[in-house]
Amino acid sequence: MDEAEKQEWNTLLKKLEVQFGEGIGMEGILLLIGIQELGQGYRKFTKDEKLDVLHIAICTLLEPLGYYTYKGKDVQGWPHWDAVTTLPPLKSGEQLMLVKQAVIEYFKETEEEELI
């Protein structure tokens, strides 16, 4: 992550902390994105549903990079994707950087929309 991306990440974190509270981490950000993309508003989610919401976030973030293709929603309104290609083998830090960059791009794209 270059210096400009680090600055963008820190600015985004500060903005999210103002809106959602201090200490929001990557899992909280992914839950926020997943809930937003699910489109059902905030509610209590079961443990399994939370995992599905995280999956929604990851697919949403990696779709523009060519890793997933959106298929549509099921009868309950949950979105689904097909894997197009597998991620290259990445170390933990590299995975985090890829997701951070995708999160930055996501919020640039959705900047005009109100979250949750």
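The legends below describe close-up views of a predicted model. Local features are given where pLDDT is at least 70 and side-chain atom pairs where it is 80 or more, while totals for chains, interfaces and linings use all residues. Residues are numbered from 1 along each chain as its sequence is written, and side-chain values use heavy atoms, with hydrogens and water left out.

**View 1. Helices H2 and H3 in contact.** Helix H2 (residues 26-38) and helix H3 (residues 47-62) have axes that come within 7 Å and cross at roughly 85°, the axes being lines fitted to C-alpha atoms over the stretch in contact, with angles from 0 to 180 degrees between N-to-C directions. H2 is therefore roughly perpendicular to H3, a term for angles of 65 to 115 degrees.

**View 2. The hairpin of strands S1 and S2.** Strand S1 (residues 68-73) pairs with strand S2 (residues 79-83) in the antiparallel sense over 5 bridges, where pairing requires that DSSP finds at least two bridges between the strands. Threonine 69 has aspartate 82 of S2 as its bridge partner. Between the strands lie 5 residues, and glycine 77 in this hairpin takes a positive phi near 90°.

**View 3. Helix H4 and its buried residues.** Helix H4 (residues 92-109) has 18 residues and reaches 26 Å from its first C-alpha to its last. What covers the buried residues of H4 includes helix H1 (3-20), H2 and H3.

Notes:
Helices (H or I, at least four residues) and strands (E, at least two) are DSSP runs, numbered from the N terminus. Angles under 35 degrees count as roughly parallel, over 145 as roughly antiparallel, 65 to 115 as roughly perpendicular and the rest as oblique. Contact means heavy atoms within 4.5 Å. The expected span of a helix is 1.5 Å times one less than its number of residues. Buried means under 20% relative accessible area, exposed over 50%, partly exposed in between (1.4 Å probe, protein chains only).
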